Amino acid sequence: MGVQAVSFQFAHMENFSRKGDRKGRSTSFVFAEARRDPAVSLHVKDPRPPVVVFGAGLDEVERLHDQCATQAKTTPRGGKERAVRKDQHTLCTVVVSHPFTPEDVRADPGKVKVVDEWERRNVSWLKGQFGECLTSVVRHEDEGRWHLHAYAIPNTRDMKASAFHPGQKAKAEIMAAGPRPGEDDKALNRRGDVAYKAAMSEWQDSYFQAVAAPCGLARIGPGRRRLRRDEWHAERKQAAALQQALDRAKDVQAKEQQFVQSAKAAVADEALKAAQVKAAAYRATEQARRERGR
């Protein structure tokens with residue numbers, strides 16, 4: 001398409017609780033920042049309301065989250081059922097960013113088509129990740145990069161957002177199985193950290209295959225992987241080639257659809273003409289019959 005300079009993907013997952021983390025980021029803060037509430041939008045020069053790309057608006061998402069969190073219950077081993085703690089993660093968020101700036105997109109119709117396709121692929125991938133728990137995807141057009149925020153609310157009784165997080169799940173499985181023979185707690189934790197990183201790398205690979213690569217974006221930048229310049233350029237060319245191949249495939253598909261539609265229209269036109277000829281012949285026959293009967 002000739003409108004996108006190849007860059008690399010950005011996808012980040014993070015869970016939040018009602019109590020908040022060390023930075024004070026609670027679920028209410030997350031929703032307020034995404035809505036662009038003035039008190040938490042000082043980092044944005046010219047705040048704009050988010051655009052809903054999929055699902056519910058942020059007010060409805062927050063209301064649903066808070067309602068579910070209030071009703072959520074957990075049963076400790078050997079204990080009685082109780083409400084979940086406010087420091088438990090009950091909201092999963094994903095941020096994905098495109099290298100285009102909002103100014104780029106607003107100034108170029110070609111770039112609008114690029115980000116539209118990118119957004120479509122993102123929503124499809126997110127649905128695959130979260131299923132019916134994907135509650136909302138919104139777009140921000142007022143920061144340095146065109147980007148989306150996704151929100152998933154657990155539908156389990158204990159409402160643990162950690163169930164969505166591949167890294168947390170992988171480490172939890174290692175820790176729950178306990179140490180191997182001769183392994184102390186520190187070694188067990190290190191093994192859990194390795195599993196965490198491997199799971200998140202697979203998650204990034206999944207995003208690359210479903211969204212980034214078809215949109216002409218590289219997996220990650222050269223600095224992060226210490227790639228040589230020739231290796232980085234080779235990967236950029238590969239990503240660009242994939243995007244061009246997909247664009248050509250779309251063009252072929254569009255031409256095929258146009259041909260089919262033209263063929264259908266031609267058949268319909270011929271059928272109409274045949275029906276008109278048949279009707280004219282019938283009228284002529286009827287006219288001749290009436291004249292003979294006079």
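Helices (H or I, at least four residues) and strands (E, at least two) are DSSP runs, numbered from the N terminus, and two strands pair if DSSP finds at least two bridges between them. Before you click on anything: this is a predicted model, where local features need pLDDT of at least 70, side-chain atom pairs count only at pLDDT 80 or more, and totals for chains, interfaces and linings use all residues. Residues are numbered from 1 along each chain as its sequence is written, and side-chain values use heavy atoms, with hydrogens and water left out.

**Stop 1: the sheet**

Start by colouring the strands. Five of them make an open sheet, in the order β1-β5-β7-β6-β2, with antiparallel pairing. Look at the edges: β1 (10–17) and β2 stand there with a single partner strand each, so one side of each has no neighbour in the sheet. From one strand to the next, the twist averages 20°. (Angles here run from 0 to 180 degrees between N-to-C directions, and axes are lines fitted to C-alpha atoms, for helices over the stretch in contact.)

Now select β1 and β5 (residues 89–97). They run antiparallel and are joined by 8 bridges. Click Phe16 and you'll find its bridge partner in β5, Leu91.

**Stop 2: along β6**

Move over to β6 (134–140). How many of the residues of β6 are buried? The answer is 7 of 7, where buried means under 20% relative accessible area, exposed means over 50%, and partly exposed is in between (1.4 Å probe, protein chains only).

On one pairing, β2 and β6 are antiparallel over 4 bridges; pick Val51 and look for Arg139 of β6 opposite. On another, β6 and β7 run antiparallel with 6 bridges, and Val138 stands opposite His149 in β7. Follow the chain from β6 to β7 and you trace a hairpin, with 6 residues between the two strands.

**Stop 3: two helices side by side**

Select helix α1 (residues 27–35) and helix α2 (residues 58–71): they pack at an angle of about 170°, with axes 10 Å apart. That makes α1 and α2 roughly antiparallel; under 35 degrees counts as roughly parallel, over 145 as roughly antiparallel, 65 to 115 as roughly perpendicular, and the rest as oblique.

Which residues meet here? From α1 come Thr27, Ser28, Phe31, Ala34 and Arg35, and from α2 come Leu58, Asp59, Val61, Glu62 and His65. By class, this contact has 4 nonpolar, 3 polar and 3 charged residues. For those classes, Ala, Val, Leu, Ile, Met, Phe, Trp, Tyr, Cys and Pro count as nonpolar, Asp, Glu, Lys and Arg as charged, and the others, Gly among them, as polar.

Keep α1 selected and show its buried residues: Thr27, Val30, Phe31, Ala32, Glu33 and Ala34. Their cover includes β1, α2, β5, β6 and β7. Arg36 sits in the loop between α1 and β2 (51–55) and is buried, with a relative accessible area of 8%.

For another positive phi in a residue other than glycine, jump to Met159, near 55°. Met159 is in the loop between β7 (147–152) and α5 (166–177), and its relative accessible area is 1%, so it is buried too.

**Stop 4: the cores**

Next, hide everything but the largest nonpolar core, which has 29 residues; Val94, Trp118, Leu126, Phe130 and Tyr207 have the most contacts inside it. A nonpolar core is a set of buried Ala, Val, Leu, Ile, Met, Phe, Trp, Tyr and Cys residues joined through side-chain atoms within 4.5 Å. The element giving the most is α4, with 6 residues.

Centre on Phe130. Leaving aside neighbours within four places in sequence, Phe130 is in contact (heavy atoms within 4.5 Å) with Met13, Cys92, Val94, Ala152 and Phe164. Another core, of 14 residues, lies apart and includes Val30, Ala34, Ala69 and Leu91.

**Last stop: Asn15**

Finish in strand β1, at Asn15. Is Asn15 buried or exposed? Asn15 is buried, with a relative accessible area of 6%. Beyond neighbours within four places in sequence, its contacts include His89, Leu91, Ala161 and Gln168.
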